[in-house]
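Reader: I have a structure open and a few things to check. Can we go through it strand by strand, then look at the inside?

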Amino acid sequence: MKITHVDIWKVVVPIKPDCAYSKEYESEIKNGAFWDVPKHIVRIHTDDSGIVGIGETGRGCPGEHVKLAAEKLKGMEVEEIDLHALPIQGWSAYGAFEMALFDIVGKQLGVTAARLLGAQVRDKVAVDYWTSRRTPEDLARKAKEGKALGFHGIKIKCALEDPNIERLQAVADAVGTDFKVTVDPNCRFYQPHHTIAFADALGDLRQIVAVFEDPVPKDNLDWYVMLRKKLQVPLALHLGSGKAVYQAVKRDAVDILNISPGTMVDFVRQCYIAEQAGVPVWHGSGVDLGIMDMSYVQACAAAPAATLPSDIVGNFLREDDLIVEPIHIEGGFATVPDKPGMGVELDEAAVQKYEVK
């Protein structure tokens, strides 16, 4: 089966109103939000007219990189391509073509992308709700919203100067302590002593906190080793390279890992490292557009260590997704489709609606 040509679209899909910030924190996006940065959608055609594959780049991927990758693959026999080492240079376009080729080969063989990644170890993937910085009252409202949708927890963005104790108390009062909060300051607790002081101030609210993710700068593992000894809440790092994952578990610097490397193959490989160290994993996301969300679901389904809730909830945050049937999420779990390949179909009308020139 030969690759004949590749369709490429450049798209921007707006987020829904009220999905990210309280108005008090909208100044964070005065210079533009990451979700407004364009992506590219690719569709690989083969000389078997019934088999195509679809993929989605990360944000900000140069169109030239996408075109170069498409030209590189054009005319190649699919059977001669190593799915775990594609003949494509440059990370930014790589992931989209990885998705599309796993989609094609999965359809050709009648198996899911998860099975092509090694083995499908689960048929549903745990997911949590997500929001950015909010006032305590507004966060309580979003927590109620998430719980009503069947989620068991929510990931929040924050900073040291925010009313974080009040936020957590508002959530506990609104939905109870069995609804967990992942606290992600994006390193904006700044120093270990700030992190320790905040953790000590939690008191009984400690039971609502699932984990502190990236509380301090990630390039200082000494700080994380020390924090693990001092904190009474789990500690996580958000990492994207095998070397970084190896160093973190070797140093015993984390309880949990958020692994988000940009490709499905690399995610599963890095999860193997975490698994050997006994460290559970979740997969990060970026308010993505459906195809990439499903790549996360397929990768988590293939990684035994990926047992924790991933924030793969872009379809709750975007104005639209670019797949015909949204990812099925119920009771805090995303279903892995039993269809071959990626298990999703491109909504070409939606792609054309959100295409930008």
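Reader: Which residue in strand 6 stands opposite tyrosine 129?

Author: Isoleucine 154 does. This is a predicted model, so read the pairing as computed. Strand 5 (residues 129-131) runs parallel to strand 6, with three bridges between them.

Reader: How does the chain get from strand 5 to strand 6, and what is the hand of the crossover?

Author: It passes through helix 4 (residues 136-148), and the β-α-β crossover is right-handed.

Reader: And on the strand 7 side, how many bridges?

Author: Five, also in the parallel sense, between strand 6 and strand 7 (residues 180-184). One of the pairs is lysine 155 with threonine 182. The link here is helix 5 (residues 164-175), and this β-α-β crossover is right-handed.

Reader: Strand 6 itself, which residues are buried on each face?

Author: Gly153, Lys155 and Lys157 are buried on one side, Ile154 and Ile156 on the other. That is five of five residues for strand 6 (residues 153-157).

Reader: Switching to helix 10. Why call it largely enclosed?

Author: Because eleven of its eleven residues, 291-301, are buried, that is, under 20% relative accessible area. Among them are Asp293, Ser295 and Gln298.

Reader: Cavities next. How many of 30 Å³ or more?

Author: One, from a search of the whole structure. The largest cavity holds about 30 Å³ of space.

Reader: What lines it?

Author: Val11, Val12, Val13, Trp35, Val37, Lys39, Arg59 and Leu289. By class, the lining has six nonpolar and two charged residues, and no polar ones.

Key:
Residues are numbered from 1 along each chain as its sequence is written. This is a predicted model: local features need pLDDT of at least 70, side-chain atom pairs count only at pLDDT 80 or more; totals for chains, interfaces and linings use all residues. Side-chain values use heavy atoms; hydrogens and water are left out. On a 1 Å grid over the protein atoms alone, a cavity is a set of points where a 1.4 Å probe fits but cannot get out, and a pocket is an open set with protein on both sides within 12 Å along at least five of seven lines; lining residues have an atom within 4 Å of a point. Grid points are joined across faces, edges and corners, and a volume is the space filled by probe spheres set on the points. Ala, Val, Leu, Ile, Met, Phe, Trp, Tyr, Cys and Pro count as nonpolar, Asp, Glu, Lys and Arg as charged, and the others, Gly among them, as polar. Buried means under 20% relative accessible area, exposed over 50%, partly exposed in between (1.4 Å probe, protein chains only). Helices (H or I, at least four residues) and strands (E, at least two) are DSSP runs, numbered from the N terminus. Two strands pair if DSSP finds at least two bridges between them. A crossover is right-handed if, with the strands pointing away from the viewer, the path from the first strand over the helix to the second runs clockwise.
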